[in-house]
Amino acid sequence: MDAAGLQRGRLTALTLRGEDLIDAGQVARQISLDDAREARLVAEAAIDRVRDKFGPGIIGPAAVFRRAS
């Protein structure tokens with residue numbers, strides 16, 4: 001970009017390629033310093049357990065439920 005004399009560049013595409021992947025159960029858990037992300041992961045695991053126990057339709061958007069009062 002410097003050679004072209006452009007002041008700003010724009011990213012138009014991003015490609016990710018995975019090689020030699022292994023099963024998620026075989027990897028170590030990485031320590032994260034992002035508390036919000038960790039909280040989302042814990043909530044996601046809890047939601048998965050509830051759906052496994054009661055079925056896939058048990059949890060959904062609050063907007064589709066009727067008001068209690």
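1. First, a term: helices (H or I, at least four residues) and strands (E, at least two) are DSSP runs, numbered from the N terminus. Aspartate 20 sits in the segment before H1, and isoleucine 58 in the segment after helix H1 (35-54).

2. Some ground rules. This is a predicted model, where local features need pLDDT of at least 70 and side-chain atom pairs count only at pLDDT 80 or more, while totals for chains, interfaces and linings use all residues. Residues are numbered from 1 along each chain as its sequence is written, and side-chain values use heavy atoms, with hydrogens and water left out.

3. On burial: of the 69 residues, 3% count as buried (under 20% relative accessible area; exposed is over 50%, partly exposed in between; 1.4 Å probe, protein chains only). The protein exposes about 7400 Å², with carbon and sulfur atoms supplying 54% of that area (Shrake-Rupley method, 1.4 Å probe; for residues, only the protein chains shown count as cover).

4. Back to aspartate 20: its phi is near 55 degrees, a positive value in a residue other than glycine. For context, most residues other than glycine have a negative phi. Aspartate 20 is exposed, at a relative accessible area of 79%.

5. How many salt bridges does a search of the whole structure find? It turns up two (a side-chain nitrogen of Lys or Arg within 4 Å of a carboxyl oxygen of Asp or Glu).

6. Last, the surface: Val50, Phe54 and Ile58 make a nonpolar patch of about 270 Å² (patch residues have over 30% relative accessible area and no salt bridge; like charges are joined within 9 Å, nonpolar side chains, meaning Val, Leu, Ile, Met, Phe, Trp and Tyr, within 5 Å). Isoleucine 58 counts as partly exposed because its relative accessibility is 42%.
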